[in-house]
Amino acid sequence: MSSSTSTTVARAFEAALYADSDAALDTGASMLAADPSCDAELARRGEEFVAGAWRRGWQPADLVRFVRRELEDVHVRLVSALIVSENSENSENSENSENHEPRGPRWVAQLEDLDAQPPRTDRFSYATAALELYRLLLRLPTIEPLDDVPEGTAAAPQDSRMLTRIRALLAKAEATGFPEEAEALSAKAQELMARHSIDEALLAARTHAKNAPGACRIGVEPPYETAQAVLLDAVAGANRCRAVWNDSLGFSTVVGFEPDLEAVELLYTSLLVQATAAMTKAEAAQRAGGRKRTKTFRQSFLAAYAHRIGDRLASAAESQVASAAGELLPVLVAREVAVTDHVERMFPETVTTRLRGVTDEAGWHEGAAAADRAQVRGRRPIP
């Protein structure tokens, strides 16, 4: 890298990164576009910004989700390519790396979902997008770091045979147009989730494995994000996890043991898909009858759905705990305490959020009915 190249990038950054005006952005982009020799240095500096995000507690999916929320598709593709490149560079130089924590299966799975192809555009547009992205990365807040694989804990297989079966059952439940079939498929999936979690908990207890809670982040995006956050909280609680919502950054952090985290991700995603499909169908019927208050109907529908599902899942969870006996009950109690302690260490200060803006009576009744049709049954009594 020549000194002139470094100077060009430094001058462009000085002009554009620390000012919010379009004129400053155009000035910096013009400098970069006019000097092709600075491309490698511009990319290297981008990788440094990405590495800085990891030190602030972010993970690949978090970063891509935030960039999508704040900027445009071209920036999403650019940051995805930088993440993949930075990860590859870090892997090649792992022996000399001082700033990276060990990266486990969740991190790897997030990388596999990325599009590593950088955007194809003219030099000026590319430079503009890079500077806009770097502005955002420069201002990233520090968030709670996640232990991808808690120390001393064996990572659960991300694509085990059991999880594959659960995914297949939920996919069928989402796709079928017959409520009875969806009921049977969802109930079977929930049953398998419970057995998977219980088997893992008992195995860890019997082998005295050094098991500890972990955490993952799940996107909670506008619109109607409050109702989505309430739904996720209900699913997390029913699976012996805790969810903490960060509304300003668009995600909830779910804390729990690995099998339970997997269950939360799968069940929440499935219920959200089912709720959206049911809402669209109910909304179409309302509009066919002459109603036009789409936004208030949707808000009330999802709020009712989350509230009703929450009640049913809470009842199912209480029934499961009441049926527990023998060596399992103390194991579950110990895990609940461990999860609570982990949450309190990660989030020493939290506040309670309530649903607001629920004003459409028809939407509320339709949402509650849809939640009933989802037929999220309690788990089979534990022998």
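V339 counts as buried, with a relative accessibility of 3% (buried means under 20% relative accessible area, exposed over 50%, partly exposed in between, using a 1.4 Å probe and protein chains only). V339 sits in helix α13, residues 328-346. Helices here are DSSP runs of H or I with at least four residues, strands are runs of E with at least two, and both are numbered from the N terminus. Leaving out neighbours within four places in sequence, V339 is in contact with P213, R240, C241, R242, V255, G256 and F257, where contact means heavy atoms within 4.5 Å.

This is a predicted model, so keep in mind that local features need pLDDT of at least 70 and side-chain atom pairs count only at pLDDT 80 or more, while totals for chains, interfaces and linings use all residues. Residues are numbered from 1 along each chain as its sequence is written, and side-chain values use heavy atoms, with hydrogens and water left out.

**The chain as a whole**

The protein chain has 14 helices and three strands. Of its 383 residues, 47% count as buried. Take the contacts between residues at least 6 apart in sequence: 79% of them join residues at least 24 apart.

How far can you trust the model? The average pLDDT of the protein chain is 80, and 75% of the residues score at least 70; pLDDT is the predictor's confidence in each residue, from 0 to 100. Confidence is highest in helix α7 (residues 123-138), at a mean of 96, and lowest in helix α14 (residues 361-374), at 57. Two stretches deserve a mention here. Over residues 150-159 the pLDDT stays under 50, and the model has 21 contacts for them beyond four places in sequence. Residues 377-383 are also below 50, with 18 contacts in the model beyond near neighbours in sequence.

**Pairs apart in sequence**

| Pair | Apart in sequence | C-alpha to C-alpha distance |
|---|---|---|
| L202 and V331 | 129 residues | 7.3 Å |
| V339 and A215 | 124 residues | 9.6 Å |
| W54 and I143 | 89 residues | 9.9 Å |
| R120 and V74 | 46 residues | 8.8 Å |

Some context on those names. L202 is part of helix α9, residues 179-206, and counts as buried at 13% relative accessibility. W54 belongs to helix α3, residues 39-55, and at 10% W54 is buried too. R120 is in the loop between α6 (105-112) and α7, and its 80% relative accessibility makes R120 exposed.

**Helix α8 against helix α11**

How do the axes of α8 and α11 cross? The axes of α8 (residues 161-175) and α11 (residues 258-288) come within 9 Å and cross at roughly 10 degrees. Axes are lines fitted to C-alpha atoms, for helices over the stretch in contact, with angles running from 0 to 180 degrees between N-to-C directions. The two helices are therefore roughly parallel to each other (under 35 degrees is roughly parallel, over 145 roughly antiparallel, 65 to 115 roughly perpendicular, and the rest oblique).

On the α8 side, the contact involves L163, I166, R167, L170, A173 and E174, which meet E262, L266, L267, S270, V273 and Q274 in α11. By class, that contact has seven nonpolar, two polar and three charged residues. Ala, Val, Leu, Ile, Met, Phe, Trp, Tyr, Cys and Pro count as nonpolar, Asp, Glu, Lys and Arg as charged, and the others, Gly among them, as polar. An α-helix has 3.6 residues a turn, so residues three or four places apart point the same way.

Start in the loop between β1 (214-219) and α10, where P223 lies. A cis peptide bond joins P222 and P223, with omega about 0 degrees. Y224 is in the loop between β1 and α10 as well, and its phi is near 60 degrees, a positive value in a residue other than glycine. Most residues other than glycine have a negative phi, and most peptide bonds are trans. Y224 is buried, with a relative accessible area of 13%.

Next comes α10 (residues 225-238): at 1.5 Å a residue, its 14 residues should span 20 Å, and the end C-alpha atoms are 20 Å apart, which agrees. The expected span is 1.5 Å times one less than the number of residues. α10 is mostly covered, with ten of its 14 residues buried; among them are L231, L232 and V235.

Just after α10, R240 takes a positive phi of about 60 degrees. R240 lies in the loop between α10 and β2 (242-246), and R240 is also one of the residues in contact with V339.
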